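Okay, thanks for making time, everyone. Let me put the structure up and then walk you through a few side-chain contacts.

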Amino acid sequence: MIAMIRYLSELLDERGRRHLRVMLAAQAGQGVLQGLGFLFVAPLVAALTSAPADWGRFWIWAGAIAATVATHHVLLAWSTSLGYVVGTDVLTSFHTRLGNHLATLPIGWFRGDRTGPIGRMLGKGTMDVANIPAHLLRHVVVGITAPATMILGSFLLDWRIGLAFAAGALLCALALRLLMVIVRRNDDDYEHDIGVSASRIVEYARQQPTLRAYGVLDRPELGTLEESLARQQGSQSRLTIRGAWGMIAFFGTLQLVVTAVIALTVGLTLNGSVSSR
C-alpha cells in the first residue's frame, strides 16, 4: 500500500498530493469508525441482556452506533468525491508524462511487438491507474484500519475476544496472500498474451493491402493472429477460474473468522463475562 501511495504522489502535483492526503485521512477515519461501530455492539447487547435490562445504557450505546454510522457515511461521501478528483488528476498527469516520454524515443524503438502493449497501456492501463484512488485505495485503507481498531478495542473489552480477532486476522492475511499469489501469477501470463494479440491485430491490419494484392490471406503461416487470440482466451479463462477459487478461499476464511468471533462474543456476553459498564 505504501508503494502504491508513493507512486500516486509522484504522478500528482502539489494540489493533487494535498487532495490525496486528505482522502487518505478520511478513509482511515472510515476504518476507525467501522471498527468502533462493531465494538459498540458488545456493550449494547450486554446492557440489553443484563437482569434487569439496563435501558439507559442501551440507548447510550445505540446512540453511539447511530452517530458512528452517520459520521462514517459523511466521510464516505467526502472521500469518494475526492477519489474521483485525484483519479482525474492522475489520469491527466499519466497521459502527459507517457506522451512526453514516447515523443523522445527514436523511430526504431517502435517495433511491431511493442505497438500492442503501448496501446493497451494508454487505454486500459491508464484507466486502471486512475481507478486506484477512486475505487481501490479505500478498500485497502479501510481493510487495514478497521480490523486494527477492532483488534485493539476488543483487547480492552475482553482479552479472549482480542486474541480470537488477532488469530482470525492472521488467517485472513494468509488467505489474502494466497489469493494475491494466484492472481499475480496468472495475470502476468494474461497481460503478455493480450499484448501479443494486440500487436498481431495491428500488424495484420497494416499489411491488409499487401496481403490482398498477393492473395496470401489463406496461407497457414498467417494463423498467428488466431493462435494469439486463442492463447489470450485461455489465459483469461485461467485467470478467472483460479482467481475465483482464491477469492472463495479468502472470503470463506473471513466469514468463518467473523462467525467464530461473533459466537464467542455472544457466549461471553450471555455468561456475564462482558460487562456493559
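This is a predicted model: local features need pLDDT of at least 70, side-chain atom pairs count only at pLDDT 80 or more; totals for chains, interfaces and linings use all residues.

The average pLDDT over the chain is 78, and 77% of the residues reach at least 70. Helix α3, residues 55-104, has the highest confidence, with a mean of 89. At the other end sits helix α6, residues 208-214, where the mean is 55 and confidence is lowest.

So, salt bridges. How many does a search of the whole structure find? Three. Let me start with Glu14, whose side chain meets that of Arg17 at 3.5 Å, N to O. Those two sit three residues apart in helix α2, residues 14-49, so about one helical turn separates them. Glu14 also has a salt bridge to Arg21, again listed at 3.5 Å. Put together, Glu14, Arg17 and Arg21 make a network of salt bridges.

And how accessible are these residues? Arg17 comes out partly exposed at 26%, Glu14 is partly exposed at 44%, and Arg21 is partly exposed too, at 47%.

Now the aromatics. The count here is three aromatic pairs. Take Trp55 and Phe58: the ring centres are 5.4 Å apart and the planes sit at 80°, which makes the pair edge-to-face, since the cut-off for that is over 60 degrees. Both residues belong to helix α3, three residues apart, or about one turn of the helix. Phe58 then pairs with Trp59 as well, with centres 5.1 Å apart and planes at 75°, so that one is also edge-to-face. Through these ring pairs, Trp55, Phe58 and Trp59 form a cluster.

Trp55 is partly exposed, with 46%.

That's my tour, happy to take questions.

Terms used
Residues are numbered from 1 along each chain as its sequence is written. Side-chain values use heavy atoms; hydrogens and water are left out. pLDDT is the predictor's confidence in each residue, from 0 to 100. Helices (H or I, at least four residues) and strands (E, at least two) are DSSP runs, numbered from the N terminus. Rings of Phe, Tyr and Trp (its six-membered ring) pair if their centres lie within 6.5 Å; planes under 30 degrees apart count as stacked, over 60 as edge-to-face and the rest as tilted. Buried means under 20% relative accessible area, exposed over 50%, partly exposed in between (1.4 Å probe, protein chains only). A salt bridge is a side-chain nitrogen of Lys or Arg within 4 Å of a carboxyl oxygen of Asp or Glu.
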